Amino acid sequence: ALCGLVYALHRYSFAHPFLLADNRHYTFYVWSRFLGRLPGLKEALAPVYLYSAWLCYRRLAGSQSPLWFLIWAIACVLTLVP
């Protein structure tokens, strides 16, 4: 899973023009000062992303039904994946 995530981050993460043009939000500064400037940082954060996903799964799966969690996961994918 970690290798697939590193590949996806390297191959498919891009900076949207609106992200680079709007300096009123913290994501502009995070991208322009760290993620866009330091090569390999996006990929180095893959374990943090994987742990965060696992933590969300553990918290939500323990308190919600499997159907609710499946709908939530599908909604997240439809929102975040272009």
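A search of the whole structure turns up one salt bridge. Asp22 makes this salt bridge with Arg24, and their closest N and O atoms are 2.9 Å apart. Side chains of opposite charge can pair when their charged atoms come close. Arg24 is exposed, with a relative accessible area of 69%. Please keep in mind while reading that this is a predicted model.

**The overall picture**

Let us step back and look at the whole chain. Its secondary structure comes to six helices and zero strands. Read from the N terminus on, the elements run α-α-α-α-α-α. The C-alpha trace spans about 40 × 30 × 20 Å along its principal axes. How does the radius of gyration of the chain relate to that of a compact globule of 82 residues? The chain has 15 Å, while such a globule would have a value near 12 Å.

Buried residues make up 12% of the 82 residues in the chain. As for contacts between residues at least 6 apart in sequence, 41% of them join residues at least 24 apart.

**The buried side of helix H3**

Helix H3 covers residues 26–35, and its buried residues are Phe28, Trp31 and Leu35. They span an arc of only 120° around the axis, so they sit on the same side of H3. What do the buried residues of H3 pack against? Their partners are helix H2 (17–21) and helix H4 (41–44).

**Aromatic rings**

Next come the aromatic rings, where the count is five aromatic pairs. One of these pairs is formed by Tyr7 and Tyr12, with ring centres 6.2 Å apart. Their planes stand at 85°, and because an angle over 60 degrees counts as edge-to-face, the pair gets that name. Tyr7 is partly exposed at 47% relative accessibility, whereas Tyr12 is exposed, with a relative accessible area of 56%.

Another pair brings together Tyr51 and Trp54, whose ring centres are 5.8 Å apart. Here the planes are at 35°, so the pair is tilted. Both residues belong to helix H5, three residues apart, which is about one turn of the helix. Trp54 is partly exposed, and its relative accessible area is 47%. There is also an aromatic cluster, made up of Tyr57, Phe69 and Trp72.

Ser63 lies in helix H5, which runs over residues 46–63. With 51% relative accessibility, Ser63 counts as exposed because the cut-off for that class is over 50%. The side chain of Ser63 also reaches the backbone oxygen of Arg59, at 3.1 Å.

Moving on to helix H6 (residues 66–80), we find Thr79 there. Is Thr79 buried or exposed? At 64% relative accessibility, Thr79 counts as exposed. Which backbone oxygen lies 2.8 Å from a polar atom of the side chain of Thr79? That oxygen belongs to Ala75.

Val77 has its place in helix H6 as well. At 48% relative accessibility, Val77 counts as partly exposed.

| Residue pair | Separation along the chain | C-alpha distance |
|---|---|---|
| Ser63 and Phe18 | 45 residues | 37 Å |
| Thr79 and Pro17 | 62 residues | 18 Å |
| Val77 and Pro39 | 38 residues | 26 Å |

The rows can be read alongside the structure above. Ser63 and Phe18, for instance, are 45 residues apart along the chain, and their C-alpha atoms are separated by 37 Å. For Thr79 and Pro17, 62 residues apart along the chain, the separation of the C-alpha atoms is 18 Å.

Conventions. Residues are numbered from 1 along each chain as its sequence is written. This is a predicted model: local features need pLDDT of at least 70, side-chain atom pairs count only at pLDDT 80 or more; totals for chains, interfaces and linings use all residues. Side-chain values use heavy atoms; hydrogens and water are left out. Helices (H or I, at least four residues) and strands (E, at least two) are DSSP runs, numbered from the N terminus. Buried means under 20% relative accessible area, exposed over 50%, partly exposed in between (1.4 Å probe, protein chains only). A polar contact is a pair of N or O atoms within 3.5 Å; within protein, one must be able to donate a hydrogen and the other to accept it, and residues adjacent in sequence count only if both atoms are side-chain atoms. Rings of Phe, Tyr and Trp (its six-membered ring) pair if their centres lie within 6.5 Å; planes under 30 degrees apart count as stacked, over 60 as edge-to-face and the rest as tilted. The arc is that of the directions from the helix axis to the C-beta atoms. Contact means heavy atoms within 4.5 Å. A salt bridge is a side-chain nitrogen of Lys or Arg within 4 Å of a carboxyl oxygen of Asp or Glu. The radius of gyration is taken over C-alpha atoms; the globule rule is 2.2 Å times the number of residues to the power 0.38.
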